[in-house]
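Hi there,

Here is the structure I promised to pass on to you. Have a look at it first, and then read my notes below.

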Amino acid sequence: MAVDLLLGLQWGDEGKGKIVDVFTSNYDIIARFQGGPNAGHTLVFNGKKHVLHTIPSGIFHEDKVNLVGNGVVIDPVIFKKELDKLEEQDVNYTKSLCISRKAHIILPTHRLLDAASEASKGKAKIGSTLKGIGPTYMDKTGRNGIRVGDIELEDFKDKYRALADKHEAMIEFYNADIEYDLKELEADFFDAIETLKSLKFIDSEEYIYQAQQSGKTILAEGAQGSLLDIDFGTYPYVTSSNTTAAGACTGLGVAPSQIGEVFGIFKAYTTRVGSGPFPTELFDEDGETMGRVGQEFGATTGRSRRCGWLDLVALRYACQVNGVTQLIMMKGDVLSGFETLKVCTAYNYKGETITHLPYNIEEENVSPIYTEIKGWAADLTGMTEASELPENLNGYIEFLEKELNLPITIVSVGPDRKQTITRKTV
Ligand code: IMP
């Protein structure tokens, strides 16, 4: 069976967690392929909100396998906290959760390095979540990293010490004003490592291959968004992994020929958290309304998200890079009440009109060219059928489908599992 992908097409926070949870009943295995605790996947059901960071969003379905792939970076301390939360809710993950031995581990000193590096950047800081993501992926590609499989080896503690000592020297080099008690951090770390040891470690590429051979269905869950991809995002204001479709191949060990549907998720408008260019960003009442109604605060850091109109130049680019086959539109309900909506269909780039994403999308190079579309007033949040959607919302959706040349099959009208409308099947 092919592996289907579900990924974010903007700067993250599109609502991937909710849709993975909704889709889980259609799959045997849910597999996270990149990122780490910088992600915050929010799920709402039975009147309760759940936030996951590293654990796949299918975890609330105990009969499904939830796999953390080799492309993910794991902070044992945060992972343990997530497990504790699941236990509080009587979710039994012992049989369903498994972790790739090849996934890399975030050390306490990776987090400290992240903080020191950001502090040293001054105004040019990335706006990182400070979870140690960048330094951990640096150690991975620098061939210094520690992997989950190393926990099973006798020299694990020696490996840890050697890397942590190296990091301490690097932290000193940054000369940043950060205070820490490494002994305390290490006590929590090794305590969490013991918890991790009680979980199932697997050779995930082999596991997935065998699952495919036996006809099991697999959904690969992305984290962050395509515009935060280390290669194709708005570098250097990006995360340190491949958030795009190719990342699922390297992050799980799945061959490109084995990829099936690519579900691309986007918000009906755009948000971004952290620094970096954002051509359609709003600094007015409209942006403030989107932030307030859409409750645009980071699930991991609590920071306010920057808000703006939908950017079809960037979205078209993301669909292209990922080979998206179906689109899922989130948070249409947040736009209810706007008399007129704006959609960016092209950029004015140094005096020229362009429809592709250029190398430089900083404010001084790019200004958005908008098309105006009539808004709708109706509250969408109680709607359950496509036939109930207001005419002007259908107009908005059809305009996007035409511009992107892709079907929008699902429209989400609220955070709850139940607030999900299937518009069409393909
Ligand atoms: P890092 O991956 O924590 O180093 O953060 C790098 C950039 O990606 C920052 O601008 C973060 O705000 C952003 N980022 C990282 N993870 C997420 C996410 O899950 N949603 C939205 N933005 C994110």
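Arg143 is exposed, as its relative accessible area is 76% (exposed means over 50%, buried under 20%, and partly exposed in between, with a 1.4 Å probe and protein chains only). Arg143 sits in the loop between α4 (133-141) and α5 (156-174); helices (H or I, at least four residues) and strands (E, at least two) are DSSP runs, numbered from the N terminus. Its phi is near 65°, a positive value in a residue other than glycine. Lys350, in the loop between β16 (340-349) and β17 (352-354), has a positive phi too, near 50°, and is exposed at 58%. Most residues other than glycine have a negative phi, and most peptide bonds are trans. Tyr235 and Pro236 are joined by a cis peptide bond, with omega about 5°.

A word on the source: this is a predicted model, where local features need pLDDT of at least 70 and side-chain atom pairs count only at pLDDT 80 or more, while totals for chains, interfaces and linings use all residues. Residues are numbered from 1 along each chain as its sequence is written, and side-chain values use heavy atoms, leaving out hydrogens and water.

Now to the ligand. Which residues are closest to the ligand? They are Asn38, Ser128, Thr129, Thr239 and Arg303, out of 16 that surround it (each has a heavy atom within 4 Å). A polar side-chain atom of Thr239 is 2.6 Å from a ligand oxygen, and an N or O atom in the side chain of Arg303 is 3.0 Å from an oxygen atom of the ligand. Taken alone, the ligand exposes 470 Å², and the protein buries 96% of that (areas by the Shrake-Rupley method with a 1.4 Å probe; for residues, only the protein chains shown count as cover).

Next, the inside. Leaving aside neighbours within four places in sequence, Leu400 is in contact (heavy atoms within 4.5 Å) with residues including Phe266, Met329 and Ile408.

Finally, is Gln326 buried or exposed? Gln326 counts as buried because its relative accessibility is 9%. Gln326 belongs to strand β15 (residues 326-330).

Enjoy exploring!

Key:
A polar contact is a pair of N or O atoms within 3.5 Å; within protein, one must be able to donate a hydrogen and the other to accept it, and residues adjacent in sequence count only if both atoms are side-chain atoms.
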